[in-house]
Amino acid sequence: MTKLRIVCLSVIMAVTVQFAVAQDVCPIIPQPSVAKKSGDQFTLNNNTPILVASESLRPIASYLQQELLKNQNIPLSVQASSVKPSIKIVLSAKIKSAYELNMNSKGITITAKDASGAFYGVVSLLQIARQTKNQKGTLVLQGWNISDSPLYGWRGFMLDESRHFFGMEKVKSVLDWMAFYKLNRFHWHLTDEPAWRIEIKKYPGLALIGGVGDYFNEMLPSQYYTQEQVKEIVAYAAQRFITVIPEIDMPGHATAANRAYPEFSGGGGPGHPEFTFNPGKEVTYSYLSNILRETNSLFPSGMIHLGGDEVSYGNHKWPTNPDIISLMQKQKLANSKEVEKYFMKRMADSVYSMNAKLLVWDEMAEVDLPVDKTIIFWWRHDKPDVLKLSLDKGFQTVLCPRLPFYFDFVQDSTHTNGRKWNKLYNPLKNVYEFTQDKYVKQTPKKDQILGVQADLWSETIQSEQRLDYLLFPRITALAEAAWTSQENKDFTRYMERLKGHLNLFQEQGLYYYNPFLPAKSPEPIKIGTGIKRFDTGE
């Protein structure tokens with residue numbers, strides 16, 4: 001056999017194998033636990049009814065109805081019974097998985113243990129539908145038999161709106177995509193140095209004065225969410241089985257709040273003016289507790305994130321502050337670190353008194369907080385000892401290490417406008433291949449690791465276009481890391497499935513990074529310079 005014939009045969013075989021893989025790949029992201037073709041097809045059109053056996057499932061049927069109308073322009077009706085081939089949504093305690101999706105020519109049945117499982121079954125069906133060509137109001141859906149359950153209960157995404165305010169419609173769009181990829185925790189970073197983004201009726205200056213400006217332009221008019229808007233977003237998320245968790249950062253990252261109410265400031269440090277609240281004033285604790293009470297009333301999650309990170313960057317005036325000196329003497333506190341711990345314990349008690357859980361960044365693993373009422377977010381990938389401490393103490397922990405889960409880090413070696421850590425960054429493959437086994441050396445208690453979360457800080461974001469570029473398609477890799485068990489993950493097959501999802505991004509007008517054709521979507525350039533973030537490792 002000649003060398004030319006061997007080469008030709010090799011190429012043909014490779015193409016054939018690739019085509020076979022593509023034909024056999026389930027189009028759903030994240031990859032289901034079990035997915036097999038049914039060998040049949042279901043024809044969906046405006047005569048297809050959605051059947052629900054229980055009124056508790058009607059909101060989920062309505063969601064399916066709305067999404068098919070919005071994205072495929074196919075109006076369906078929700079009914080209690082029908083003789084036609086239909087989409088049935090039912091609950092059953094007998095199934096072992098979160099949901100089962102069975103599709104053939106006679107109908108589609110989504111069977112779930114509970115409402116959340118039914119919702120995720122609907123989402124899987126929607127993913128198949130949205131990747132099927134619409135032929136004049138008719139979708140001929142490839143049949144699948146799917147049994148599926150998530151790896152983690154906490155599948156989170158954090159958005160920083162202090163540094164850049166995106167507004168209602170963009171946040172709703174982010175929630176839509178989170179739901180589409182079965183993410184279920186939206187961590188909303190609403191306060192920080194640049195601006196305060198939530199209305200507090202007892203202290204209107206927080207939003208009206210603290211909401212002025214952003215990371216790049218301190219003169220922008222005040223931008224914030226009214227309490228009515230917060231309620232609307234929380235309800236919108238709840239329909240998509242997403243829990244919204246607010247973050248009110250303290251005792252550091254308080255510059256915007258102190259701009260509005262300077263009487264509660266504990267001063268700052270070089271590059272971080274008025275960075276802290278004042279732990280030495282008794283009125284500071286009542287002021288912040290009042291803020292948290294209003295916040296807790298707006299968010300039914302029963303969780304409030306208080307930050308608690310990077311205080312040392314702006315507590316330079318604490319050792320000479322008369323109020324704090326007096327506190328240290330009275331409480332026998334040896335140094336500023338002890339003052340910080342005292343402050344966080346008191347504010348933690350305020351959260352607990354509202355029957356809410358306290359969420360904090362991993363610096364607070366050192367503080368003796370009740371393990372049954374506190375969740376630690378481990379973000380410092382370079383400090384595995386802190387993760388060990390958190391788990392050894394018995395804290396429930398969410399894994400969100402900068403590498404690979406900080407989405408403000410660049411995703412390509414040629415990108416220059418995001419962050420890096422000692423020349424390392426967060427490409428799609430690293431996000432996808434995340435496993436806790438790389439970080440967790442001991443055996444944690446059952447359910448101690450709640451799950452994973454990606455965090456998107458917005459120092460490099462000045463437009464929705466750049467937000468989209470940093471989030472898509474990495475949100476799909478995050479979804480698979482959070483949902484799919486290690487034995488079911490395959491990066492090659494994931495990349496094959498991703499192609500269909502890039503088409504969806506294109507249809508929706510998103511400016512996304514294309515890992516197959518990087519030159520097709522150049523990195524959006526940020527204009528101007530802001531304060532350099534202090535945890536880059538550069």
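In which sense, left-handed or right-handed, does helix 15 cross helix 16?

Modeller: The model is a predicted one, and in it helix 15 passes helix 16 in a right-handed crossing. Helix 15 covers residues 474–483 and helix 16 covers residues 491–507; they pack at an angle of about 135°, and their axes are 10 Å apart. The two helices are therefore oblique to each other.

From helix 15, the residues Thr476, Ala477 and Glu480 take part in the contact, and they meet Tyr494, Arg497, Leu498 and Phe505 of helix 16. Sorted by class, this contact of helix 15 with helix 16 comprises four nonpolar residues, one polar residue and two charged residues.

Pro473 is placed in the loop between helix 14 (464–471) and helix 15. The peptide bond that leads from Phe472 to Pro473 is cis, with omega near 10°. A cis peptide bond also joins Leu403 and Pro404, where omega is about 15°. Pro404, however, lies in helix 12, which spans residues 402–405. As a general rule, most peptide bonds are trans, and most residues other than glycine have a negative phi.

Two residues bear on the second part of that rule. Lys423, in the loop between helix 12 and helix 13 (428–432), has a phi near 75°, a positive value in a residue other than glycine. Its relative accessible area is 74%, so Lys423 counts as exposed. Glu310 also has a positive phi, near 55°, and is likewise a residue other than glycine. Glu310 is found in the loop between strand 13 (303–307) and helix 9 (322–331). With a relative accessible area of 6%, Glu310 is buried.

Burial can be followed into the helices as well. Ser390 belongs to helix 11 (residues 384–393), and its relative accessibility of 1% means that Ser390 counts as buried. Neighbours within four places in sequence being left aside, Ser390 is in contact with Ala365, Ile376, Phe395, Thr397 and Gln448. Ser62, which lies in helix 2 (residues 58–72), has a relative accessibility of 19%; the limit for a buried residue is under 20%, so Ser62 also counts as buried.

Helix 3 (residues 115–130) shows burial along a whole element: 14 of its 16 residues are buried, so helix 3 is largely enclosed by the rest of the structure. From its first C-alpha to its last, helix 3 reaches 22 Å, close to the 22 Å expected at 1.5 Å a residue.

Definitions and conventions. Residues numbered from 1 in each chain as written. Predicted model: local features only at pLDDT ≥ 70, side-chain atom pairs only at ≥ 80, totals over all residues. Heavy atoms only, no water. Axes fitted to C-alpha atoms, helices over the stretch in contact; angles between N-to-C directions. Helix = DSSP H or I, 4+ residues; strand = E, 2+ residues; numbered from the N terminus. Parallel < 35°, antiparallel > 145°, perpendicular 65-115°, else oblique. Left-handed = near helix turned anticlockwise from the far one by under 90°. Contact = heavy atoms within 4.5 Å. Nonpolar A, V, L, I, M, F, W, Y, C, P; charged D, E, K, R; others polar. Expected span 1.5 Å × (residues − 1). Buried < 20%, exposed > 50% of the residue type's maximum accessible area, 1.4 Å probe, protein only.
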